[in-house]
Amino acid sequence: MLYDPTEHRIRSFVTRAGRLSTGQARALEAFGPQFLVEYRKEQFDFHAPFGRTAPLILEIGFGMGGTTAHIAKVMPDKDFIGVEVHTPGVGSLLKLIGEEGITNLRLIQHDAVEVLNNMIAGGSLAGVHIFFPDPWHKARHNKRRLIQPDFVKLLCSKLQAGGYLHCATDWEDYAVQMLEVLGAEPQLKNTADGYAPQPAYRPLTKFENRGIKLGHGVWDLVFEKK
């Protein structure tokens, strides 16, 4: 199971059986044993798989993994934990890990909320990335959005002092909600006056490039734990 069905709460994702490409299936078989961390209901030492003690960055919902792979390569002094529920995305990122020889990245295929609650120690993260989470754009579905006050408090409990939370979205009303929720959390301070400039480490995706050409906006928010 990708989540505990006995844990009754509104989820920000819907599990779907995506079609695996041949390359993704091969990557799961070849690289899964080394780069996948099995979900468990107990605290885990995330430094152990890397064989070093480096700043830990958690990415929630990495999609097909292109951005995650890029960031891990340009920040070799940091270690990355990517959490995603959808198998094709996990296979896609494992394929990139293998092709590009990325060593500072490990993946967990499970519900990020349960990973945070059960596996990640308090004050252990140097940063959290949440890029283009599902906007649940219909008003009746807004309650499913990931960025909510209780979830932000949970993230803060796992961030070390001075650690950062970087969110990005291409839905303006979600950007407004993110700014309100993050701005209302007393443990966080905004690193910008409102929305942040896009940090150099986050590449433009092909969807962003297409959206920008069509005149769509993209909003980055970078907050720091006090």
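Gly-163 lies in strand β5. Strands (E, at least two residues) and helices (H or I, at least four) are DSSP runs, numbered from the N terminus. The model is predicted, so local features need pLDDT of at least 70 and side-chain atom pairs count only at pLDDT 80 or more, while totals for chains, interfaces and linings use all residues. Residues are numbered from 1 along each chain as its sequence is written, and side-chain values use heavy atoms, with hydrogens and water left out.

Gly-163 is buried, at a relative accessible area of 1%. Buried means under 20% relative accessible area, exposed means over 50%, and partly exposed falls in between (1.4 Å probe, protein chains only). Beyond residues up to four places away in sequence, Gly-163 touches Ala-126, Phe-223, Glu-224 and Lys-225. Contact here means heavy atoms within 4.5 Å. Gly-163 and Val-128 are 35 residues apart in sequence, yet their C-alpha atoms are 8.2 Å apart in space.

Strand β7 (residues 219-225) has two partners. Six bridges join β5 (residues 159-169) to β7, and the two run antiparallel. Strands pair if DSSP finds at least two bridges between them. Here Tyr-164 stands opposite Glu-224. Strand β6 (residues 188-190) is also antiparallel to β7, through three bridges. Lys-189 has Glu-224 as its bridge partner in β7. Six of the seven residues of β7 are buried, so the strand is largely enclosed by the rest of the structure.

The largest nonpolar core has 37 residues. Such a core is a set of buried Ala, Val, Leu, Ile, Met, Phe, Trp, Tyr and Cys residues joined through side-chain atoms within 4.5 Å. Ile-60, Ile-130, Ile-147 and Phe-151 have the most contacts inside this core. Among the elements that give it two or more residues are β1 (56-60), β4 (125-131), α6 (172-184) and β7. Its largest share, five residues, comes from α5. Ile-147 touches several residues, including Ile-130, Val-152, Cys-167 and Met-178, when those up to four places away in sequence are not counted. A second, separate core of 22 residues includes Phe-35, Ala-69, Phe-131 and Tyr-164.

Two aromatic pairs occur in the structure. Rings of Phe, Tyr and Trp (its six-membered ring) pair if their centres lie within 6.5 Å; planes under 30 degrees apart count as stacked, over 60 as edge-to-face and the rest as tilted. Phe-44 and Phe-46 are edge-to-face, with 4.9 Å between centres and 75 degrees between planes. Both residues, Phe-44 and Phe-46, are buried. The rings of Tyr-164 and Tyr-201 have centres 6.5 Å apart and planes at 50 degrees, so this pair is tilted. Tyr-164 lies in β5 and Tyr-201 in the loop between β6 and α7, so the pair ties together parts 37 residues apart in sequence. Tyr-164 and Tyr-201 are both buried.

Charges also sit over rings. The criterion is NZ of Lys or CZ of Arg within 6 Å of the ring centre and within 35 degrees of the ring normal. The charged end of Arg-145 sits over the ring of Tyr-174, 4.5 Å from its centre. Arg-202 lies over the face of Phe-131, 5.9 Å from the ring centre.

Most residues other than glycine have a negative phi. Phe-132, however, has a positive phi near 55 degrees. Phe-132 is found in the loop between β4 and α5 and is partly exposed, at 27% relative accessibility.
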